[in-house]
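Work through the exercises below with the model open. Each task is followed by its solution.

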Amino acid sequence: MNTEDLTKFITEYGRDIYNFCLRLTMNKNEAEELYQDTFLNAMDKVNNEGNPKSYLLGVALRLWQNKRRKTAWRHRIAPEDNMLEGIDIPSHVTPESEYIKKEERQLVLKAVNSLKEPLRHTVILYYSSGLSIEETAEIMGVPSGTVKSRLHKAREILKHELEADING
């Protein structure tokens with residue numbers, strides 16, 4: 001891949017890849033590092049054939065999983081106070097509605113982050129990155145039925161957890 005191709009991929013997919021990295025790492029600095037590593041790692045391998053965005057998301061996911069495996073004994077859980085750092089929260093008409101939206105987002109992020117790793121990765125890829133079930137399956141290296149099953153299971157868990165948080 002030459003510089004022009006790299007610039008094209010960063011322009012077209014950079015924001016989506018960065019947002020995925022941010023949701024995956026829950027930390028702005030780690031997301032930036034993963035984002036850079038993703039493009040460096042994929043530099044000679046990605047091409048215009050197929051779906052470059054899907055390929056880049058897969059590279060980011062594999063790099064993150066490898067890093068987590070290597071450093072699991074040091075970093076068991078990402079700090080919750082950095083969860084929303086760098087995520088754009090749209091402003092609303094009133095401060096009250098903005099506060100409510102922020103609290104809702106925090107509850108949802110907390111619930112998603114409490115999911116076990118395969119479920120959490122599936123939810124992030126499918127909902128946050130806007131991938132299809134087939135693309136998510138390809139990235140994760142599992143059948144599409146497994147992705148559907150994980151999404152169903154994650155929705156059920158999230159539903160119960162969020163209802164419990166709301167109802168006290």
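**Exercise 1. Fold layout**

In what order do the elements of the chain run from the N terminus on?

Solution. The model is predicted: local features need pLDDT of at least 70, side-chain atom pairs count only at pLDDT 80 or more, and totals for chains, interfaces and linings use all residues. Residues are numbered from 1 along each chain as its sequence is written, and side-chain values use heavy atoms, with hydrogens and water left out.
- Step 1. Assign elements as DSSP runs: helices are H or I with at least four residues, strands are E with at least two, numbered from the N terminus.
- Step 2. Read the order: α-α-α-α-α-α-α.
- Step 3. Tally by type: seven helices and zero strands.

**Exercise 2. Burial and contact range**

State what percentage of the chain is buried, and describe its contacts and surface.

Solution. 
- Step 1. Buried means under 20% relative accessible area, exposed over 50%, partly exposed in between (1.4 Å probe, protein chains only). Of the 168 residues in the chain, 34% are buried.
- Step 2. A contact needs heavy atoms within 4.5 Å. Take contacts between residues at least 6 apart in sequence: 61% of them join residues at least 24 apart.
- Step 3. Compute accessible area by the Shrake-Rupley method with a 1.4 Å probe; for residues, only the protein chains shown count as cover. The chain comes to about 10,400 Å², and carbon and sulfur atoms hold 50% of that.

**Exercise 3. The core**

Solution. 
- Step 1. Such a core is a set of buried Ala, Val, Leu, Ile, Met, Phe, Trp, Tyr and Cys residues joined through side-chain atoms within 4.5 Å.
- Step 2. The largest one has 38 residues, and Ile 17, Phe 20 and Leu 125 have the most contacts inside it.
- Step 3. At least two core residues come from each of α1 (3–25), α2 (28–42), α3 (52–71), α4 (95–113), α5 (117–128), α6 (133–140) and α7 (144–167). Helix α1 gives the largest share, nine residues.
- Step 4. Beyond four places in sequence, Leu 125 touches residues including Phe 20, Leu 57, Leu 61 and Ile 139.
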